[in-house]
Structures are given as structure tokens and as C-alpha cells.
Amino acid sequence: MTFDGTDLYAALIHELKNDLGLLSLTIDGIPLQGEAAHDAPVDAARLLCQNVVDRLQQALLVYKAGSQPIHPAIDAWSPHDAVHEIRDRAAALSRGRIEIEATLAPDVPEIWFFDRDLVEMALINAIHNSLAYAQSRLRIEAGMLEGCLALTVRDDSPGYPDAILAGAAAGSTGFAKGSGLGLQFSRMIANSHDNQGRRGEVRLHNDHGAVFQLLLP
Amino acid sequence: MPGDSSVSAPAARTGNTFIDYSALRALVVEDYPGMRNALRLSLTNFGITRVQLAANAAEAIYQVKQKPYDFILCDFNLGEGRDGQQLLEELRHSHLISLETVFIMVTAESYYEKVVATAELAPDDYMIKPFSPEVLRSRLDSILLRKRAFRDVYRHFQAQELEASIAACDVLIKSQPKYLVDALRFKGELLVTLGRSEEAEALYQQVITLRAIPWARLGLARALHLQQKDEAAEKELRDVLEQAPEMVAAYDVLSDVCLAKKDALAAQEALQQGVAISARTVRRQQKLGDIAHANGDLDTARAAFSTVLEKGRHSVFVTPGDFGNLCRVQLEQGDVAAAADTLKKNKSTLQDSPEGQLVMAVAQGMLHAKSGDAKETEKALAAAAALRASGVRGDARLMLDLAGTCMASGRHDEADGIVAEVARNAHDSEALLSRAKQLYDEAGRADAGAAVLALATADVRKLNNEGVVLAQRGDFSTAVDKLLTACAEAPHNPRIMMNAVWVILKYLDKAGMDEKMLEAARQHLNEAERQAPGHARIAGLRLQLKDVESRFGIQPKNRS
């Protein structure tokens, strides 16, 4: 982008993000009344609001990174805590509409090294996507794959369209509307994690639904 | 513990994970009323019913002084006044919150979050705004469980039983893989505090083998610096700053390393880089001002000292001496009007304490001397002399300023007395002694100055050296006499104080309990810490003092 005064845009996004955050908290405070005519639109508004907040947060990060790679702040975190935090966020977003599960494979270590905030941003992207398309179930998994910590979001939707899978396989980022930005962002995050020459990856495939996988070396 | 199995069923790995939120006392610090209430609501929703609200740092400090809190949720940006990081630093520095208190910082920007997370005094966690209540809840859960696991570590630490605290870390390191890295981190800081820098080096290397995390590399650099391996320390720091340029604490250590290498310009540059990232930390600005001043870079020194006063308004880290520092630089720049303005604007603050009044008198003396008003100069010097006679003292720089003005007004005896006192209290500080010498050179009294300085430092040096030698020979009783005499002559000299404490403890160890001596050791150690906070020897002496106290079955008095 070559707008003049792009800092203005950053400041604007920033402010919108905070206002929407407040709006989201306000909507959260509206009690459900057990009547679909009331509850459904409130719920839809809440989800949409949260989605926009998360997206703006990513937009800010991408904007700040500019053409440079993201610098992750790596520290030791518990994959167990991270998975459960994401599960709780997903459950709060879905409010019982979709069943949320979390599983950890036995060989997942107690700690792993990654940038917690970035990794959660990437996963929450996938969650929003799954919540939009899943029929009834969403599962968050942690396991070990090729020596990496693999964080997986799996749903029972009709799966990713072929165009997205093909694009993902080719490493292209300019595919599909809507999810394109989110995927591109997740890939940037995965890529910014490296350890002993090995870089993080995002993998997509279909297996009785869409499977989003983030590999952290 | 069932928790040390690497198998994963969540219930099996953590043992008792029940947290009674209804028993928790929480404080929300946030300047925006809408957000403040929303946060309170969130906390109430997950069972925390005892929630207090504060709109700014001053209110928060007031609340914390009224009663203890288990959890403080604080916005980084608090509008006018101190920000969340400054609040945290003050709370910890003044021992208003303990290690058990959970402090979570809320930041609006992911960049600040990085700075906050890598600050020397980091919060327990940070949340990027806006966040969902579930995330807050989940993070609070993990932190509370971690603090529960660290209970013994913290308990011993707070009782100043550092060895026992290290042993408790070792238990965690062995038995709780989830807290391995946290326990190593805490242990590393303890080892550095105790001056066990070789062990600290090995520990940080161990963490780096797991992954080269920036804080571990910073710890390694600090451990290397303590062993005077400054080349290696500098390399590590420059390297880690490439990887994590926002890690402000690394610039502070880098500046220490550069000073040790006698490269004051590089030390200044390092601090300037740190200040560029986080301008608000008062102590970093103070240090930058000092170094820039010594480097003759008056513009930078002035900017730094001005920032100290601007950003540090109401901060516990700002002392009357900071006003003196700014005035000194302004006068050295020949900007008499600005110095007068500094004094005028801060008059009421300075009048508040005797130390402030002394700064006022000394600065006014310099100012009037500079503008050639002999009568007003005399008046200011008389005020300073009266304050000094009643026992009021300023920092060494300020006292030398006073000596300079006295000398310029022909009050030679008074000047000599002040310089001698400064020299006795800083018999091993090259910078201060050379500044004192410069005063005499400028006044054309080089010979007189040499005599004053030689005499003042010789006494203290002699008593000190004799005391230490006697102690090494095992004659602790005479050694104590010598060093206590030295203490009386140089009541603010940290080196002498520390030697005296060391000798007294040796003496008690041999001769048995002597309540008066023990009290003297306590007082001198406190004074040493006031004069040289964070000096490498202090923690070790505290430990020995503690040892002696517990051997004689004495409950240590509360230090603060």
C-alpha cells in the first residue's frame, strides 16, 4: 500500500478494534431469554463482532510487519494450557451450538517453545472458519508429527473446497474469498517459527471434514 | 506426585487443580469507566465477587495499602500519571505486593506487550485488548496453579532464605516438567543475586540448550558480566538484541558491560536505544543522564534528566537529587533562566523535605554565583550550611556542587570539610574523587585539594585495611573496633559498611551472641543497601546475617 499517512490507518484500525472489543463485551452481557427470536440474532451479532475483532487484530499485526517477517517472542509454554484456552474460547464463541472437544496425544511434552499469542491467533482463525461451516462438531488436538508439535482444528463440515486445497498445496495465498487473508496470516505465523533449520508449516486437508494443522518445530 | 508422568490425561498431570474464585480479592485498574465496569462484570461472571476498582495508579496504590489483593488486573495505559508498568514497579519495589499476588497487564498493542513481557520486572502475564473473559479465566487458572506449585520457593524467598528457595526450585526442576523452565528462570535469578555467577552461567546454558530464549541469553550475558567476561557478554547481548530488539533490559546490561570495558560512549548509546523503546522508565533515564553528563553530552543529559522529572512525577524512584541533576546541567550549559525555571516550577515539591530544601539551596547558590549575585549566593550558602548543620545530606554530586560554590565564594574551610566528607564516603570512587580534584584545580587550589583528599581517604582506607587484615588473621574483636570507627568517620560509605557487617558476623560467630553488635550489623547493612542498592555482596551478607540470627534463635525484624 502506498497511501500517505498509513499510520493514520493503523491508528484507525486500532481504535475500531478497541471499540468493537467493548461492543463485544456489551453483547456478551445481554442475557439469553430462551427464545430463538431473541437469542439467535444476539448470538449472531456476538460471533460476527468477535470475528471482526480477531480479524482487525491480525490486520494490525500484518500491517506492522509490512514486508518484513514477523518476529515471534518465543518462550516455553504448556501445549496443554494452550489447547484448553483455545477450547474455552471456541466454546464461548459457539455457546453450545457446536460441540467442542479438545484432546492431547500422550506424547505431547509438558512444555514447547513458541509464541503463544501468535499461535493462538492462527488457531482462532481456523476456529472461526470451522464454526461457520461445521455441522455439529469441532475438535482441537495436540500431537507430535515429524518432530514438531502439531496443533489441529478438525470439524465435520463438507471440507475445504478443492480450489483452497490445491492453492494450499501449491503454497499460493491468493485463493478464495474470506479465508484467504486468514490462511495467509496463519502461514506467516507458522513460518516465523523456526528451530535448528526447520520451519513451521500450515497444512490443510479433508478427512470427514476440514482439517487445519499448524506444525511448530 | 502423580504429575510427573509424561502421560497426558489432564486430571492425572496436575493433581489438585481446584481454585476457589470466591475467596479471591481482585483489583481492577483501568482509566476508562466503561471498560472498568465491563471487566468487573467479567470477573464476577467467573465467580470473583470481591472486586475493587481503581481509575489510576495513585488510587491503586491507595487500595493496595488498605488491604492485600490476590489478583490485580491492570491496564498498561492509565492516561495521565503513571502507566501500568510503573505501577507494577512501584508495587514490587515498595513491597506492597508479594510474589503470590497475580499481576496481569492489559495492553492495547502487541508491540507494547512485547516490551512489557521482557521488562526486568515483568507482570505474571499480559492480555492483548480486547480479550474474551474465557482467555482471562484460563490464564488466571494457569498462573494461580503455577504460584501454588511455587509456594515453597516464594515463601523461602520472602523470608530471605535464598538457599532454601533454591532447593525448592530444584525440587520443581526434578519433579514438575511443566514448571521446569519457570523454576530454572527463578533459580537463575537467585544465583545471580547470591553472586554465584558460574553456576548461573551453567544454568542459562542449560536453558539455551533447550531453546535459545531471549531471557536466557540475557541471563547468560549478566552471569558473564559478573565474572568480568565482558567481551563474551557483549557478544551475547548484541546477538540477542538482533533477535529481540524490543528487550529493553538487555540495553541496560549492555550499558553496564560497556562501562566495565571503559567505553562510556557505547554505554550511553546502549541506554539511548533502550530509552527509544521505553522512555518512561525513570531509572534508565537517570542512568542515561549520569553517563551522558560524564561524557560531556549535555544535551542528552538534559533531555534525560528532564524526562525523569516529567515522567516520574509521583514516582518513588525520583529523589530531590534529580532536580539538582537537571539544574546542574542547565547551569553548565549556561542556561541560567532554565535552571531558575526548574527551581521555580518545583518549589513546593522541594520545600516538602529537608533533602529537597538542601537541593534548592545548593542549586540557588550555584545559580546566583553564575549570575554574579554575591548577596543572594551568600544567602543560599547560609541556608545550605544550616541544613547541613542539622544533619541533612544530599547525594555526592550535590555536595560537590555545594563545595564548588563555597570555594568560589571564598568559604574554603567549609568547602574542604564538605569535600573531605564526600571523599571519606566514596574513598574508592574514581569519578567522584576526580570531580573533587577538578574543583580544586579550577579554584587554583590544587595543592590544598590534594592534601584534603589524601587525608580524608587515608584515614578511612587505613582503618578499613587494618580491620580487614586483622579479621583475616582471626582477631575479630579488634577488627570490629577498627571498622566501626571507620563507619563513624564515613557513615555513608557502602564498602566500609559491608566490610563492617562481614567482620561483625565473623565476630559473633566466634564470640557468641551480642545483641548490640547484631543490631549494628543490621543497621550498617541497611545503610549499605541504601547507598548501593543491588550491590553484589549485599544478598550474601543478608544470608549470613540471617544464618547468625537463626543460630541464636532470634526472630529477624521486618526489614521494610
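Domain bounds in this report come from an automatic or database domain assignment. On that basis, chain B is divided into domain 1 (21–149) and domain 2 (459–551), and the C-alpha centres of these two domains of chain B lie 41 Å apart.

A word on conventions before we go on. This is a predicted model, in which local features need pLDDT of at least 70 and side-chain atom pairs count only at pLDDT 80 or more, while totals for chains, interfaces and linings use all residues. Residues are numbered from 1 along each chain as its sequence is written, and chains are lettered from A and ligands numbered from 1 in the order in which they are written.

**Where the chains meet**

The contact between the chains takes 29 residues from chain A and 26 residues from chain B; two residues are in contact if their C-beta atoms, placed from the backbone, lie within 7 Å. On the side of chain A that touches chain B, helix H1 (6–28), helix H2 (36–65), strand S1 (75–77) and helix H3 (79–94) of chain A each give two or more residues. Helices (H or I, at least four residues) and strands (E, at least two) are DSSP runs, numbered from the N terminus. H3(A) gives the most to this side, with 7 residues.

**H3(A) against H6(B)**

H3(A) packs with helix H6 (residues 133–149) of chain B at an angle of about 155°, their axes 9 Å apart. The two helices are therefore roughly antiparallel, a label used for angles over 145 degrees. Axes are lines fitted to C-alpha atoms, for helices over the stretch in contact, and angles run from 0 to 180 degrees between N-to-C directions. From H3(A), the contact is made by A:Asp81, A:His84, A:Glu85, A:Asp88, A:Arg89 and A:Ala92, and from H6(B) by B:Glu134, B:Val135, B:Ser138 and B:Ser142.

Let's turn to the backbone. Most residues other than glycine have a negative phi.

How values were computed
Parallel < 35°, antiparallel > 145°, perpendicular 65-115°, else oblique.
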